[in-house]
Amino acid sequence: MNSDDFTAKLMNDMDPKLLDFVRNKVNSFIKWDLVRFFHENPNTADSAENIAKYAGRNVSAVKPELEELVEADVMEKHVVGEIPVYRLSNQQDMHRLVDNFVNACEDRHFRVKAVYHIIRGMR
Amino acid sequence: MERVKTGIPGLDDMLGGGYLPQSANLVEGAPGTGKSTLGMQFIYNGIVQYNEPGLIITFEEFPQQYYHDAESFGWDFKKLESQGRLKVIMTSPEVTRHDLESVGGMIETVTAEMGVRRILVDSLSQFERLTTDPMELRSLQYGFINALKREGLTSVLTRESLMLFGQQEDNENSLAFVADSYLLLRYVEIESAIRKAMLVLKLRGSDHAKDIRQFEITPRGLEVKSRFEGHEGIMSGSPRRMSDYFEEAFLKG
């Protein structure tokens, strides 16, 4: 086993659901920030522009990430008036997954693994 | 007449028993005077004392901040949310406005599902960023307030005053006209100490206290104390002793 394989094996050592969540749903640092924000403020429902302000980021960076979170069923999008409004998915399973992810991030080892997978996914 | 009690010690007496049902109640004050605390207490007491589920709509502070602030008074907002008796929603005035105008919007749905009776909107000052036209602003606020009443909600609406001390600034204050009651919170400097004063300026269709009362933010929340005695010009922020006026009138005059 070469060192890359060993690292990959070590980094894959996490709950399979969370591994899938990190690889396929929260696969960027902006999405990580957004998921954390919506975990802490779960009933937020607002436009991409305002969510970008809450996250302290540029809307051009945040909007595509919000759209991808909607595609991944982490978030929902509703058009209110003519404004696209984003909020956390109403699905209990997804709420639980987000809770588990944010709680797991309290552990440094989990964070290191999550960072590894996000960086690998960005290559 | 039926009243919606705030449960805040001393405030219901000032309001002649409480707010009127399905009324819109403006609370105005400078930063730190206790507007949000008063609003949170109105919601919390509604849930735990009067079994009336509540909704908090915040346009500025993160819900996380409300959970934290409430906890410092011993009010477990997260638990109430998990019980389906409270929801703290962060959104913006533009979204809320369209949401309330539409049929089956988020607020309408949550109100129906939870049986919400009370709402805190913190703060309505944020509506001022939607337009610079005073007439349009008044129309927006009027529409918003009527939508809350349509949903059967008794609301506390906060509004920021930029003046730390003294009289109301001269800018547009159409909210005072469209709201059913108007409660003013002020800092007052008396003998080199800062105290807080409260005055009910308006309560549509009902009698109310006309005097200026002291209030404090205690570890249990806001408590209204006795009226200010022996001072004039409380709402100016720098009151003077009544005896000084007599001295001026009789000795210097």
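1. The radius of gyration used here is taken over C-alpha atoms, and the globule rule is 2.2 Å times the number of residues to the power 0.38. With 123 residues, a compact globule would by that rule have a radius of gyration near 14 Å, and the 15 Å of chain A agrees with this. It should be kept in mind throughout that this is a predicted model.

2. The C-alpha trace of chain A spans about 55 × 30 × 20 Å along its principal axes. Of the 123 residues of this chain, 30% count as buried. Among the contacts in chain A with a separation of 6 or more, 58% are made by residues 24 or more positions apart.

3. The secondary structure of chain A consists of 7 helices and 3 strands, and from the N terminus on these elements run α-α-α-β-α-α-β-β-α-α.

4. The 3 strands of chain A form an open sheet in the order 1-3-2, with antiparallel pairing. Strand 1 (45-46) and strand 2 (75-80) of chain A stand at the edges and have a single partner strand each, so one side of each is left without a neighbour in the sheet. Strand 1 of chain A pairs with strand 3 (residues 83-88) of chain A in the antiparallel sense over 2 bridges, and A45(A) stands opposite R87(A) in strand 3 of chain A.

5. Which strands of chain A does helix 5 of chain B touch as it packs on the sheet? Helix 5 of chain B touches strand 1, strand 2 and strand 3 of chain A, and its direction makes about 100° with that of strand 3 of chain A.

6. For the contact between the chains as a whole, 16 residues of chain B are in contact with 12 residues of chain A. On the side of chain B that touches chain A, helix 3 (63-72), strand 3 (86-90) and helix 5 (93-101) of chain B each supply at least two residues. By class, that side of chain B has 7 nonpolar, 6 polar and 3 charged residues.

7. In soluble globular proteins, nonpolar side chains tend to be buried together. The largest nonpolar core here has 81 residues, of which V35(A), L66(A), I56(B), I119(B), L120(B) and L183(B) touch the most other members. Leaving aside residues up to four places away in sequence, V35(A) touches V26(A), V74(A), V98(A) and F101(A).

How values were computed:
Residues are numbered from 1 along each chain as its sequence is written. Chains are lettered from A and ligands numbered from 1 in the order in which they are written. This is a predicted model: local features need pLDDT of at least 70, side-chain atom pairs count only at pLDDT 80 or more; totals for chains, interfaces and linings use all residues. Two residues are in contact if their C-beta atoms, placed from the backbone, lie within 7 Å. Helices (H or I, at least four residues) and strands (E, at least two) are DSSP runs, numbered from the N terminus. Ala, Val, Leu, Ile, Met, Phe, Trp, Tyr, Cys and Pro count as nonpolar, Asp, Glu, Lys and Arg as charged, and the others, Gly among them, as polar. A residue is buried if 20 or more other C-beta atoms lie within 10 Å of its own, exposed if 12 or fewer, and partly exposed in between; C-beta atoms are placed from the backbone. A nonpolar core is a set of buried Ala, Val, Leu, Ile, Met, Phe, Trp, Tyr and Cys residues joined through C-beta atoms within 7 Å. Two strands pair if DSSP finds at least two bridges between them. Axes are lines fitted to C-alpha atoms, for helices over the stretch in contact, and angles run from 0 to 180 degrees between N-to-C directions.
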